Amino acid sequence: MARLRTAWGGLGAGLVLVGAVVAALVPVRAHITRATPALVLVLVVVAAAWLGGPRVAVCVAVIAALAFNVAFIPPYWTLKVAVADDLVALGVFVAVAVVIGVLVASQSEHRRAAEQREVELRALYEDLAREVARADVLEQVGGQRSALLRSVSHDLRTPLATIRAVASDLRDGVVYDDATRAELLTNVCDETERLDRLVANLLSMSRIEAGALKPERQAVDMEELIADRVRRLAALFAKVRVQVDIPPDVPLVDGDYTQLEQLLTNLLENAARYAPPGSTVRIEARARRGMVEMSVADEGIGIAEFERARVFEPFRRGEGSRSSGVGLAICKATVEAHGGTIAVHRTAGGGATFAFTLPIRAVVGRR
C-alpha cells in the first residue's frame, strides 16, 4: 500500500512538472534551442523516477516525450514530425529519458531498501539490547537472591544453634548452677534479639526494593535514642569501650523513630563487629547548617578506599564479615529517605567512620 501511494505520488509530481515546464518554456521557445526543454524534461523524468520508481519513470518519460513533441517540435500542437532530424531527436530524447529514469529509479529503490534494512536492523538491535538488559537484571536478581539465601542461612543457623543447644540441655534436665543458668539464658535472649534484628533488616530491605520506605516523621531526641541503643546492645560491646560525645544543645531530629533506631543499631553492630578488643567505638553528633551531623567510628581494619563507594550496596560483605550484607544498604536508604547523606571515611589512627546527616526538627526547645 505504501509503494502504491509512492508510485501515484511520483506520477502526479511528474505530470505537474511536465505541465510547468511546458507552460514556462513555450513563451520563449523561439529564443532557445530544443536542447533546453529536452534537458529540463529529462530532469523532470529523473525527479519522478526518484519519487515513484522504474514504472513511473517510463510513464513520465513517455508523457514528457509527447509534450516535447507537441510543444517544441514543429509543427506545434500536433504529433506530426516534419523533419527527419526532429524525429531522431525525439527518439534520442525518449531513449535517454527512459534509460536515465530507470537507472535513477533503481538507485532510489536500492536506497529505500537500504533504509528499510537499516530501520529493521536498528529495531533488532534495540530488541537485542532490551533482551540483554533483561538478562542482566535477571542475573543480578538471581545473584542477590543467592546472596540473600546464603546470608540468611548463615545468620539464622548461628543463633538458632545456640538457642537449640540451651533448650535441649534444659529439656534433658541438665543441672546448672545459678550463674551458669543465668548466663545461658542471657545468651538465648541475646541470640533472640539478634534474630529479631536480622528479620527486621530483611523486612526493611524488601520495603526499600519495593519503594515503600517512607518515614513517619516526629521529633526524635538522638541523645536518648543513642543511649537506649548502647544499653540494649551492651552485650556486643563487652570487650570494647563506647564513648558518646553529644553536646546538650544538639537539636531534635525530624525523623521516623523506628527507622532511626534501626539505622543506629546497624551502625553500632557493624562497629562492634570490627572493633578489636580493648579499642573504642566513638559516637558523636553536632548541629550544622540545618542538619544534625553524626558519626560512628571504630578502630578496626577500616575499609579500602576503592571499596568505600560500594560498601552500601545490598548483600556486599566486608573482608571476613559474617553479616547478612544488608545492614549498611538499609542505613543508606534510611538516611536518604530522611533527606540526609551518608559516607564512610578512614578513622584517624585506623578504622572506619560512618558519618551521616539528618534534618533538624522545626521546633523550639527539647523534650
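User: Before we start, what does contact mean here?

Analyst: Contact means heavy atoms within 4.5 Å. Keep in mind that this is a predicted model. With that cut-off, and leaving aside neighbours within four places in sequence, Met-222 is in contact with Val-253, Leu-260, Leu-264, Met-294 and Leu-358.

User: What makes Met-222 worth a look in the largest nonpolar core?

Analyst: Met-222 is one of the residues with the most contacts inside that core, alongside Leu-260, Leu-267 and Phe-356. The core has 36 residues. Helix H7 gives the most, with 7 residues. Apart from this core lies another, of 20 residues, among them Ala-64, Phe-68, Ala-71 and Phe-72.

User: Why is H2 called roughly antiparallel to H3?

Analyst: Helix H2 (residues 35-52) and helix H3 (residues 54-72) pack at an angle of about 160 degrees, with their axes 9 Å apart. Angles over 145 degrees count as roughly antiparallel, so H2 is roughly antiparallel to H3. Their crossing is right-handed.

User: Which residues of H2 and H3 meet, and what are they by class?

Analyst: On the H2 side they include Leu-41, Val-44, Val-45 and Gly-52. On the H3 side, Val-56, Val-60, Phe-68 and Phe-72 are among them. By class, the contact has 14 nonpolar, 1 polar and no charged residues. Gly counts as polar, and Gly-52 is in the contact.

User: How do you know whether Thr-280 is buried or exposed?

Analyst: Set its value against the cut-off. Thr-280 has a relative accessible area of 5%, and buried means under 20%, so Thr-280 is buried. Thr-280 is found in strand S4. Leaving aside neighbours within four places in sequence, Thr-280 is in contact with Arg-241, Gln-243, Ala-297, Asp-298 and Glu-299.

User: How far apart are Thr-280 and Val-240, in sequence and in space?

Analyst: They are 40 residues apart in sequence and 5.7 Å apart in space, C-alpha to C-alpha.

User: And why does Ser-295 count as buried?

Analyst: Ser-295 has 13% relative accessibility, and the cut-off for buried is under 20%, so Ser-295 counts as buried. Ser-295 lies in strand S5. Not counting residues up to four places away in sequence, Ser-295 touches Arg-282, Ile-283, Glu-284, Thr-353, Phe-354 and Ala-355.

Terms used: Residues numbered from 1 in each chain as written. Predicted model: local features only at pLDDT ≥ 70, side-chain atom pairs only at ≥ 80, totals over all residues. Heavy atoms only, no water. Axes fitted to C-alpha atoms, helices over the stretch in contact; angles between N-to-C directions. Helix = DSSP H or I, 4+ residues; strand = E, 2+ residues; numbered from the N terminus. Parallel < 35°, antiparallel > 145°, perpendicular 65-115°, else oblique. Left-handed = near helix turned anticlockwise from the far one by under 90°. Core = buried A, V, L, I, M, F, W, Y, C linked by side-chain atoms within 4.5 Å. Buried < 20%, exposed > 50% of the residue type's maximum accessible area, 1.4 Å probe, protein only.
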